[in-house]
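The sequence and structure come first.

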Amino acid sequence: MTERTLSIIKPDATRRNLTGKINSMLEGAGLRIVAQRRLSLTGVQAEKFYEVHRDRPFFGELCEFMTSGPVVVQVLEGNGAIALNRRVMGATNPADAEPGTIRRELAISLTENSVHGSDGPETAAIEISFFFAEVDIPG
Ligand code: CMP
């Protein structure tokens, strides 16, 4: 089934000039980048985007990191795109991620883990609409 998911290339990766390398890994896995934009998140946007984690001990550090530099937000499309993207990203903690995954090969730490990907269809719809109107997704 063709699906869409939201991906974010995080500040640790844009800082190290890894946008193209990550896009190449996503495309190499069969995901299509059907919309993409580089921007700086405000504190308010970061707190809203990660609202479900508001009560977790890492929330402050997470929001501080996500506003520390530009991010690239993108809509990925493909067959089973949500699960496929999560496979390509690897485990949240790069130390636990499989070899060949983005986080294992490129990420620095649990916080500076280079990429975000939606974790299910409902989250994907909410997260995509956080950054993109339907007209901004040319396909
Ligand atoms: P992400 O997929 O963007 O979703 C929430 C982020 O919180 C996660 O990636 C991690 O970068 C970050 N994070 C920091 N500490 C933790 C933790 N202990 N458990 C889970 N996520 C964490």
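## Burial and the basis of the model

A residue is called buried when its relative accessible area is under 20%, exposed when that area is over 50%, and partly exposed in between. By that cut-off F131 is buried, because its relative accessible area is 7%. The model is a predicted one.

## Aromatic residues

The count of aromatic pairs comes to four. One of them joins F49 and F130, with 5.4 Å from centre to centre and 75° between the planes, an edge-to-face arrangement. F49 belongs to helix α3 (residues 43–49) and F130 to helix α7, so this pair ties together parts that are 81 residues apart in sequence.

F130 also pairs with F131: the ring centres are 4.8 Å apart and the planes stand at 65°, so this pair too is edge-to-face. F49 has a relative accessible area of 10% and is buried, whereas F130, at 30%, is partly exposed. F49, Y50, F130 and F131 make up one aromatic cluster.

## The site around H116

H116 is part of strand β4, which covers residues 115–117. Is H116 buried or exposed? Its relative accessibility is 12%, so H116 counts as buried.

Which side chain does the side chain of H116 meet in a polar contact? The partner is the side chain of E127, at 3.0 Å. With neighbours within four places in sequence set aside, the residues in contact with H116 are L6, S7, I8, K10, F49, Y50, N85, M89, R103 and E127. Among these contacts of H116 are F49 and Y50, and both residues are members of the aromatic cluster.

## I128 in helix α7

Helix α7 runs over residues 121–131 and includes I128. I128 has a relative accessibility of 11% and therefore counts as buried.

Residues up to four places away in sequence aside, I128 touches R4, T5, L6, V75 and I137. For V75 the separation from I128 is 53 residues in sequence, while the C-alpha atoms are 6.8 Å apart in space. L6 is listed among the contacts of I128 and also among those of H116.

## A charge over a ring

R37 and F132 meet in another kind of arrangement, in which the charged end of R37 sits over the ring of F132. The distance from that charged end to the ring centre is 5.3 Å.

Technical notes
Residues numbered from 1 in each chain as written. Predicted model: local features only at pLDDT ≥ 70, side-chain atom pairs only at ≥ 80, totals over all residues. Heavy atoms only, no water. Helix = DSSP H or I, 4+ residues; strand = E, 2+ residues; numbered from the N terminus. Buried < 20%, exposed > 50% of the residue type's maximum accessible area, 1.4 Å probe, protein only. Polar contact = N/O pair within 3.5 Å; in protein donor to acceptor, adjacent residues only side chain to side chain. Contact = heavy atoms within 4.5 Å. Phe/Tyr/Trp six-rings, centres within 6.5 Å; stacked < 30°, edge-to-face > 60°. Lys NZ or Arg CZ within 6 Å of the ring centre and 35° of its normal.
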